[in-house]
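Thanks for coming, everyone. Please look at the screen, and we will walk through a few places together.

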Amino acid sequence: MAKIVRVEIEMADLKPKVRRSDAIQSFVSQETPILRVFDADGAAGTGYSYTIGTGGPAIVSLLERSLAPRMIGREAEEIEGIWRELLFATHATAVGAITSLALAAVDTALWDLRCRRAGLPLWRMAGGAKPSVPLYTTEGGWLHIETGALVEDALAAKEAGFGGSKVKIGRPHLSEDRARLTAVREAVGGAYEIMTDANQGFSRPEALRRAKVLEEAGVAWFEEPMPADDVAAHALLAASTSVPVAVGESLYSISQFKDYLAVGACSIVQADVARIGGITPWLKVAHMAEAFNAPICPHFLMELHVSLVCAVPNAPWLEYIPQLDALTGEGMRIENGRAFPSNEPGLGIDWDFAKIERERVMAPVAVE
């Protein structure tokens, strides 16, 4: 083992290649805080998190002023201990997005360092359940996209070997959602999965109305139908429909997932490794979901999640939304609609630090 001697923090800002819109917002910018941790032996690990347009400077400030100084002198292998100490140090601002996203940058960097020192890829270090995972795509299913284009994208994904497409829902009237879903279903056939996502846009009565339409279309799941903090409403909805209810991208702690699973308020878990605070808590949620016989189908972050979904046995899908092309060299390997995690030591992300420098919007800060 070796002690942490230096932490560097910076932030890039990326513009999505395609317009991304859903029932409540548009994704116009991807702020990407990046943290590097160096140990006394000269080894280094790189971690990151993200926002969809706001809050990045607050994450960087929390890392620089509150979290990084507490890392100096700690044994880098004591990841669980460091994570818990940093969570307690910020308990007045947890549970919450800014704190969780900052913790994720730390935790992913420490896991990257651990894997590099061990000479193992993350997918094996964290469990090694399977060498690849099927993909479904979201990039062609945003809410503003017209029906014809939805159909074209789904057909192209099917031809490429993808197993499913996500269609955002939440148009002003359910007839619009019905028309879009019906068109896609008629085009792709019954064996191709259609995932739907409302991005917390409905009340419970409206979610129940839309669920009837989703049953007709035979969708794979109904994602974030209502505000994520309303566990009781999700439990009532789940008991009233045959469509699997999926939640998780807007939950920020292990306990929140426990509350959902314990009362049957969801049947698909979508923990986001950045929003829950890193790999350490993500793995706990994945194993907890397994205990409830529930799959984990994580939100976004495909370049990192590909290794995690291959580490655990209960992760049947990876969501295809390219995120890091502007900051990396070789991208994620895809063959016949399946994603393969890297076998290189570390997280499996081929960071290009020259590209990061070009996209940087906040100068690096070093803590020693």
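Glutamate 224 touches Asp197, Ala198, Asn199, Gln200, Gly201, Ala246, Glu249 and Ser250, leaving out residues up to four places away in sequence. Touching, or contact, means heavy atoms within 4.5 Å. A word on the source: this is a predicted model, where local features need pLDDT of at least 70, side-chain atom pairs count only at pLDDT 80 or more, and totals for chains, interfaces and linings use all residues. Residues are numbered from 1 along each chain as its sequence is written, and side-chain values use heavy atoms, with hydrogens and water left out.

Back to glutamate 224. It lies in the loop between β9 (221–223) and α8 (231–238). Those labels are DSSP runs, numbered from the N terminus: helices are H or I with at least four residues, strands are E with at least two. Is glutamate 224 buried or exposed? It counts as buried, because its relative accessibility is 3%. The cut-offs: buried is under 20% relative accessible area, exposed is over 50%, and partly exposed is in between, with a 1.4 Å probe and protein chains only.

Which side chain makes a polar contact with the side chain of glutamate 224? That is serine 250, at 2.7 Å. A polar contact is a pair of N or O atoms within 3.5 Å; within protein, one must be able to donate a hydrogen and the other to accept it, and residues adjacent in sequence count only if both atoms are side-chain atoms. Now look at histidine 287. It is 63 residues from glutamate 224 in sequence, and 21 Å away in space, C-alpha to C-alpha.

Next stop, threonine 196. You will find it in strand β8 (residues 193–197). Threonine 196 is buried because its relative accessible area is 0%. A polar atom of its side chain lies 2.7 Å from the backbone oxygen of tryptophan 221. Beyond neighbours within four places in sequence, the contacts of threonine 196 include Val167, Leu181 and Phe222.

Now arginine 180, in helix α6 (residues 174–188). What is the nearest side chain of opposite charge? Aspartate 177, at 4.5 Å. For charge, Lys and Arg count as positive, Asp and Glu as negative, and His and the chain ends are not counted. Arginine 180 is buried, yet it has no salt bridge. A salt bridge needs a side-chain nitrogen of Lys or Arg within 4 Å of a carboxyl oxygen of Asp or Glu. The side chain of arginine 180 does reach the backbone oxygen of lysine 168, at 3.4 Å. Its contacts outside four places in sequence include Trp142, Glu146 and Val167.

On to strand β6 (residues 133–137). Four of its five residues are buried. Strands pair if DSSP finds at least two bridges between them. Three bridges join β6 to β12 (residues 318–320), running parallel. There, tyrosine 136 has glutamate 319 as its bridge partner. Two bridges join β6 to β7 (residues 164–168), also parallel. With β14 (residues 338–340), β6 has two bridges and runs antiparallel.

Last, the open sheet. Its four strands come in the order β5-β4-β1-β15, with antiparallel pairing. The edge strands, β5 (44–48) and β15 (360–367), each pair on one side only. Between β4 (residues 30–39) and β5 there are five bridges.
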